[in-house]
Amino acid sequence: MSQRAIYGRSFDETDGQTLPAETTCPECDGALRTEGGETSCSVCGLIIDEYRIDHQGGVGGYVDDEETERTGPPLTFGRHDRGLSTTIGWNRDAKGNTLPAAKRRRLNRQRTQNRRAKWRSKAERNLGHACFEIARLVSALELPTVVRESASKTYRTAQQADLITGRSIESMAAGAVYAACRCGGFAVSASAVADVSVSSTDHVQHAYSVLNVELSLETPVIQPGSLIPKLATGCDCSPQVQHRALELATQAVDAGLANGRNPAGVAAGCLYTAVSEHDGVTTQAEIAAAAEVSVETVRSRYQELQDRV
Ligand SMILES: [Zn+2]
């Protein structure tokens with residue numbers, strides 16, 4: 001880490017503050033050093049002064065072993081041009097001065113040209129549309145940016161593999177979001193994605209299976225335990241019931257009860273068992289509705305748990 005001169009401040013950032021007079025530590029008389037915007041004693045580590053802005057140049061570049069300047073945010077898969085678009089502003093220059101009329105007219109023409117040149121092909125325009133749709137779905141589902149990046153990357157790969165042709169952009173975008181949730185371990189069902197999408201649950205499932213089969217996605221198996229917190233919250237169960245249901249889910253997996261079963265059904269069976277153990281009032285039908293399985297499934301998973309665990 002490079003070192004900066006002690007108390008090196010630029011003129012406009014010292015307002016309202018007086019610079020400390022001493023250059024040695026008030027506690028132990030050790031030498032002071034300023035590093036990363038923080039002035040501390042090199043001997044005892046006492047922090048004398050904190051300073052928000054670090055003026056030293058950062059390590060340039062986001063790509064390893066490559067000399068790149070730091071300009072703007074890192075590249076993202078979430079935008080069709082990976083976030084490298086040009087934006088031409090309006091009527092004022094960088095210093096806030098009003099532009100003369102001739103220059104404004106020129107900028108207007110440039111803006112039009114830029115808008116027309118933004119898409120190099122129909123495929124790129126479609127990709128832009130899909131990226132926008134993915135961002136909208138991820139936002140509506142309140143999922144983190146990592147899902148958006150992953151879904152956009154999957155969609156991009158699918159487009160390169162010619163999987164989008166003949167299918168709707170919206171359903172493939174929804175399928176990519178569902179795939180990103182599955183691969184990232186987020187407990188979001190296909191019907192939850194379909195609720196915020198224009199596509200039906202079947203279309204989302206179908207798009208996901210196309211992506212899964214053709215692109216060989218590394219989808220981990222859903223564990224019943226991962227579905228329980230959301231299910232328990234949806235049924236207003238107490239933390240004790242949820243805790244017991246998680247225990248039962250682990251036991252059910254260990255006993256092989258989850259093999260070949262719908263994880264949502266196993267989770268619902270575990271939750272119902274926990275509810276009945278704690279004299280809860282939640283019915284099988286309520287749990288079945290929250291888990292999107294039939295009441296019969298809940299009942300038979302419940303029976304299996306009673307017999308085997
Ligand atoms: Zn000191």
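## Briefing: a buried cysteine, a hairpin and a helix pair

Cys 41 is buried, with a relative accessible area of 1% (buried means under 20%, exposed over 50% and partly exposed in between, using a 1.4 Å probe and protein chains only). Please keep in mind that this is a predicted model, where local features need pLDDT of at least 70, side-chain atom pairs count only at pLDDT 80 or more, and totals for chains, interfaces and linings use all residues. Residues are numbered from 1 along each chain as its sequence is written, and side-chain values use heavy atoms, with hydrogens and water left out.

- Beyond its neighbours within four places in sequence, Cys 41 is in contact with Cys 25, Cys 28, Gly 30, Ala 31, Leu 32 and Leu 46 (contact means heavy atoms within 4.5 Å).
- Glu 27 is 14 residues from Cys 41 along the chain, and their C-alpha atoms are separated by 9.0 Å.
- Ser 40 is buried too, with a relative accessible area of 10%.
- Not counting residues up to four places away in sequence, Ser 40 touches Ala 31, Leu 32, Arg 33, Gly 45, Leu 46, Ile 47 and Ile 48.

- Strand 1 and strand 2 pair in the antiparallel sense over four bridges (pairing requires DSSP to find at least two bridges between the strands).
- Thr 34 has Thr 39 of strand 2 as its bridge partner.
- Two residues sit between the strands of this hairpin, in which Gly 36 takes a positive phi near 60°.
- Strand 1 (residues 32-35) has Leu 32 and Thr 34 on its covered face, with Arg 33 and Glu 35 on the uncovered one.
- In a regular strand, side chains alternate between the two faces of the sheet.

**Helices 7 and 8**

- Helix 7 (residues 224-234) packs against helix 8 (residues 239-254) at an angle of about 160°, with their axes 9 Å apart; axes are lines fitted to C-alpha atoms over the stretch in contact, and angles run from 0 to 180 degrees between N-to-C directions.
- The two helices are therefore roughly antiparallel (over 145 degrees; under 35 is roughly parallel, 65 to 115 roughly perpendicular, and the rest oblique).
- From helix 7, the contact involves Pro 224, Gly 225, Ile 228, Pro 229 and Ala 232, while helix 8 contributes Gln 242, Ala 245, Leu 246, Ala 249 and Val 253.
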